[in-house]
Amino acid sequence: YVCVVSGKEGIDLYSFKVTDIENNEVDLETFRGKVSLILNVASKCGYTNSHYKELQKMYADFGSEYFTVLAFPCNQFGGQEPEEENVIHQFVKDQYGVKFPMLSKVDVKGENAHPLWKSLVKESGVEPNWNFFKYIVDHTGKLVAVLPTKASLWQYDIDKSYDRIKKLVKEAKRYAKENPTAAKNDNKEEL
């Protein structure tokens with residue numbers, strides 16, 4: 001299933017700051033103008049191999065100008081991300097050639113959840129229930145869809161999630177072309 005979100009609170013998700021996997025602060029404002037696929041990841045999950053391959057394929061296919069993946073390691077589901085961040089980072093680079101931003105290890109639910117994740121849950125009304133739980137944020141910072149763990153993004157995409165993201169990326173490109181002064185990411189550096 002795919003949950004389409006209408007945005008209850010109208011929270012601008014690009015207004016948050018996070019920490020990357022190398023412990024650098026990242027202002028999500030740098031991703032404004034891009035479609036962001038935000039998800040929690042784990043290195044020792046049954047979904048690890050298929051999802052990292054799909055995520056990297058999508059990132060390569062859409063490019064980084066109008067699309068990004070924001071992956072947050074999380075150890076809350078089955079203890080399947082027990083490693084330290086430097087080990088996780090090396091693993092995803094070596095095993096999957098990950099080029100998309102890897103963020104710091106966080107809790108994604110409960111009272112200790114990162115503020116971004118608390119907002120994603122509040123805005124969508126849907127809390128992650130396993131690893132590789134996905135939220136899609138459009139180029140304006142609005143949450144537009146929630147995808148469960150089992151939702152494939154590529155090979156077995158029965159929910160047409162890939163096509164939905166592709167359409168959002170096209171909208172981001174069209175917006176940037178029609179509003180060149182509003183397209184803030186033209187000269188911003190990717191993580």
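Does Q56 count as buried or exposed, and at what relative accessibility?

Figure 1. The structure shown here and in the following views is a predicted model. Q56 is found in helix α1, and at 14% relative accessibility it counts as buried, because the cut-off for a buried residue is under 20%. When its neighbours within four places in sequence are left aside, Q56 is in contact with Y96, G97, V98, K99 and F100.

**Figure 2. Overview of the protein chain, as a guide to the close-ups.** The protein chain has 4 helices and 7 strands, and from the N terminus on these elements run in the order β-β-β-β-α-β-α-α-β-β-α. Buried residues make up 52% of the 191 residues in the chain. Among the contacts between residues at least 6 apart in sequence, 70% join residues that are at least 24 apart.

**Figure 3. Close-up of helices α1 and α2.** The helices α1 and α2 pack at an angle of about 75°, with their axes 11 Å apart, and this angle makes α1 roughly perpendicular to α2. On the α1 side the residues T48, N49, Y52, K53 and Q56 take part, and they meet F91, V92 and Y96 in α2. Sorted by class, this contact has 4 nonpolar, 3 polar and 1 charged residues.

**Figure 4. Close-up of helices α1 and α4.** The axes of α1 and α4 come within 12 Å and cross at roughly 30°, and the two helices are therefore roughly parallel to each other. The crossing of α1 and α4 is right-handed. In this view M58, D61 and F62 in α1 meet Y162, I165, K166 and V169 in α4, and by class the contact has 5 nonpolar, no polar and 2 charged residues.

**Figure 5. Close-up of the largest nonpolar core.** In soluble globular proteins, nonpolar side chains tend to be buried together. The largest nonpolar core in this model has 35 residues, and those that touch the most other members are V35, Y52, F67, F100, M102, I136 and I165. Two or more residues are given to this core by each of the elements β4 (35-41), α1 (48-62), β5 (67-73), α2 (85-96), β7 (143-147) and α4 (161-178), and the largest share, 6 residues, comes from α4. A second, separate core has 25 residues, among them V26, F31, I38 and L120.

**Figure 6. Close-up of I136 and the residues around it.** I136 is one of the residues that touch the most other members of the largest nonpolar core. Not counting residues up to four places away in sequence, I136 touches V35, S36 and L37, then K142, L143, V144, A145 and L147, and also R164, I165 and L168.

Figure 7. Helix α3, which spans residues 115-124, is mostly covered, with 7 of its 10 residues buried. These buried residues are L116, W117, S119, L120, V121, E123 and S124, and what covers them includes the strands β2 (17-19), β4, β5, β6 (134-137) and β7. One of the buried residues of α3, L120, is also included in the second, separate core. Just after α3, G125 takes a positive phi of about 75°.

Key
Residues are numbered from 1 along each chain as its sequence is written. This is a predicted model: local features need pLDDT of at least 70, side-chain atom pairs count only at pLDDT 80 or more; totals for chains, interfaces and linings use all residues. Side-chain values use heavy atoms; hydrogens and water are left out. A nonpolar core is a set of buried Ala, Val, Leu, Ile, Met, Phe, Trp, Tyr and Cys residues joined through side-chain atoms within 4.5 Å. Buried means under 20% relative accessible area, exposed over 50%, partly exposed in between (1.4 Å probe, protein chains only). Contact means heavy atoms within 4.5 Å. Axes are lines fitted to C-alpha atoms, for helices over the stretch in contact, and angles run from 0 to 180 degrees between N-to-C directions. Angles under 35 degrees count as roughly parallel, over 145 as roughly antiparallel, 65 to 115 as roughly perpendicular and the rest as oblique. A crossing is left-handed if the near helix is turned anticlockwise from the far one by less than a right angle, and right-handed if clockwise. Ala, Val, Leu, Ile, Met, Phe, Trp, Tyr, Cys and Pro count as nonpolar, Asp, Glu, Lys and Arg as charged, and the others, Gly among them, as polar.
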